[in-house]
Amino acid sequence: MGEFTVHRVRFFNYVPSGIRCVAYNNQSNRLAVSRTDGTVEIYNLSANYFQEKFFPGHESRATEALCWAKGQRLFSAGLNGEIIEYDLQALNIKYAMDAFGGPIWSMAASPHGSQLLVGCEDGSVKLFQITPDKIQFERNFDRQKSRILSLSWHPSGTHIAAGSIDYISVFDVKSGSAIHKMLVDRQFMGVSKRKCIIWGVAFLSDGTVISVDSAGKVQFWDSATGTLVKNHLIANADVQSIAVSDQEDSFVVGTAEGTVFHFQLVSVTSNSSEKQWVRTKPFQHHTHDVRAVAHSPTALISGGTDTHLVIRPLMEKVEVKNYDAALRKITFPHRRLISCSKKKQLLLFQFAHHLELWRLGSTVATGKNGDTLPLSKDADHLLHLKTKGPENIICSCISPCGSWIAYSTASRFFLYRLNYEHDNISLQRVSKMPAFLRSALQILFSEDSTKLFVASNQGSLHIIRLLEGSFKHLHTFQPQSGTVESMCLLAVSPDGNWLAASGTSAGVHVYNIKHLKLHCTVPAYNFPVTALAIAPNTNNLVIAHSDQQVFEYSIPGKQYTEWSRTIQKQGFHHLWLQRDTPITHISFHPKKPMHILLHDAYMFCIIDKSLPLPNDKTLLYNPLPPTNESDVIRRRTAHAFKISKIYKPLLFMDLLDERTLVAVERPLDDIIAQLPPPIKKKKFGT
């Protein structure tokens, strides 16, 4: 692998926002996740659970409900009283509409996906018709005495159940009037509570309504008679969420104690046709409240205050017992939050509402392999740049020379010039940005820091020439005809002649910057791109996909390289393909053209193209052979993949020079330490 001096950075104080809602779409096999800061993320479960899209958060958008409707349309609602529809192509908000009922606590789309219900603070349930372009208010249902905290449609679309405080209402959709009101017992562990909050309801085909509440109960109601059928006390705290499978043979609930319970409909006896609901499996994969759950055909999905998105496969539903049958925990975004100025050894950290600029520390000490060297100069926190307004930062970048910083929110683009005088730093904002630079999804500087490349959410790519304290617009590449696909990943060649751009689908376009035209399009692949980079000298484009495949494409030759064809013919090692976190960064060694450096959250890898590829019989995570072994044995055990798992979770890793690496880690224990304390549970013997 070679020897490197590694800057091991742990001062990126990043804490992901907690998960508030999840919504599963069975048609597209995608999962929408909303977080407490208003961010909405889209995961493609068919593409190795890759986070393929995201919508940045907003201080005034506390999302309380999220749902999919007909035609792959995504809606959210929250405490600001607005219903929002998202544009999944342009990656922005299509429109926001006030429901005029105060804060919205719940939302549900009809079984056919043509109508939308919202439950409001003022006790109203409002019905909206989903039209091709927008939503249109249809009518109010009978107003209730307290806020509507949960909603569920009957699969026929004729009735709905609404959970409130102390009672559940059943409405007739045609008339809009309440036909039953079912009072919930306030008793909790033998003590009468002041209120019982119905956090979730589910309406089944046979007329059963399942409710979960703040008294730790899962209850089954007969909607025809309005009576309680069965009661399960499962927790000493709130049961906060519920989701039912499409076949209605199982459901999942999440509690404030961090436990997820699985209920299944099983036969009473082996020969009996009579069935009953039985609590079968408890899972403890969370430390804090489980605020949201979803039920896909093959897995239970949960998320909450501890920021983890947990996918727990149902082994009896997984047909092939491969790595899809393993538990997954997704904590960090599948996009880069860190950029690096190699020349000045600076790191730019991106947070929701500010940027931090740090200068790496240095040492004069020397040591042997594995030694931790003392710093002769500590890392310096040079700059804290706070955004103005309520919008979250979408993307940011520092130039390789360290003299420029650019970042964007959903409606504004900012460019700053940095001046260094000894230990002092001054900041000058470049004013009068053009209207077409209103928002960016991705920003990248050229290697010589003279050009800025900006990918907008309308599919266009802008090239800006940077002058001393200003800029000049050089060119805009418009999207291909008939598409508005947003470009989420950019890569520029070190010589500044080529620009590669990848969108939310699997396509990669390569542009000739010198002649300002589209050069070629890389053949489409079934899985989305997670990282891409252009190698120096050869101008080979290396592309990583979410299924862990890596391709090398010759830009001048407009074809895959011989090495790429060889590895596709032989295939990657099965352990390589079974990794569950995507490659997020690719770089190259300046003096070793045969080396490709890449990393995901749990490993750093150098691929040496001069060595043979590993087959399934060889060890992929091959430790270095003992130095006393003969050269023949060392050569026989060597293969192209050199993997290190020392640094994790790894958010960023890159070469500063030919002998120096920088690795940015974010230990999970540091994140948990900054979360609010979990509910205390008494343990046996304490």
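Reader: Before we look at any contacts, what counts as a polar contact here?
Author: A polar contact is a pair of N or O atoms within 3.5 Å; within protein, one of them must be able to donate a hydrogen and the other to accept it, and residues adjacent in sequence count only if both atoms are side-chain atoms. This is a predicted model, in which local features need pLDDT of at least 70 and side-chain atom pairs count only at pLDDT 80 or more, while totals for chains, interfaces and linings use all residues. Residues are numbered from 1 along each chain as its sequence is written, and side-chain values use heavy atoms, with hydrogens and water left out.

Reader: OK, which side chain does Arg579 make a polar contact with?
Author: The side chain of Arg579 makes a polar contact with the side chain of Gln548, at 2.6 Å. A polar atom of the Arg579 side chain also lies 3.2 Å from the backbone oxygen of Trp576.

Reader: And where does Arg579 lie? Is Arg579 buried or exposed?
Author: Arg579 lies in the loop between helix H2 (574–577) and strand S52 (585–588); helices (H or I, at least four residues) and strands (E, at least two) are DSSP runs, numbered from the N terminus. With a relative accessibility of 7%, Arg579 counts as buried, where buried means under 20% relative accessible area, exposed over 50% and partly exposed in between, using a 1.4 Å probe and protein chains only.

Reader: Which sheet does S52 belong to?
Author: S52 is part of an open sheet of four strands, in the order S52-S53-S54-S55, with antiparallel pairing. Its edge strands are S52 and strand S55 (641–644), each pairing on one side only. Two strands are said to pair if DSSP finds at least two bridges between them.

Reader: How many bridges hold S53 to its neighbours?
Author: Strand S53 (residues 595–599) and strand S54 (residues 604–608) run antiparallel and are joined by five bridges, while S52 and S53 pair over four bridges, also in the antiparallel sense. Within these pairings, His599 has Phe604 in S54 as its bridge partner, His595 has Asp608, and Leu597 of S53 stands opposite Ser587. Hairpins make both links, with six residues between S52 and S53 and four residues between S53 and S54.

Reader: How many residues of S53 are buried?
Author: Five of the five residues in S53 are buried. Both faces of the strand are covered, with His595, Leu597 and His599 on one side and Ile596 and Leu598 on the other.

Reader: Changing topic, what is the strand order in the sheet with S8?
Author: That open sheet has four strands in the order S6-S7-S8-S9, with antiparallel pairing. Strand S6 (63–69) and strand S9 (92–98) are at the edges with a single partner strand each, so one side of each has no neighbour in the sheet. Neighbouring strands are turned by 25 degrees against each other on average, direction ignored; the axes are lines fitted to C-alpha atoms, for helices over the stretch in contact, and angles run from 0 to 180 degrees between N-to-C directions.

Reader: Which residue of S9 is the bridge partner of Ile83?
Author: Met97 is the partner of Ile83, and strand S8 (residues 82–87) pairs with S9 over six bridges. Ile84, also in strand S8, is buried, with a relative accessible area of 3%.
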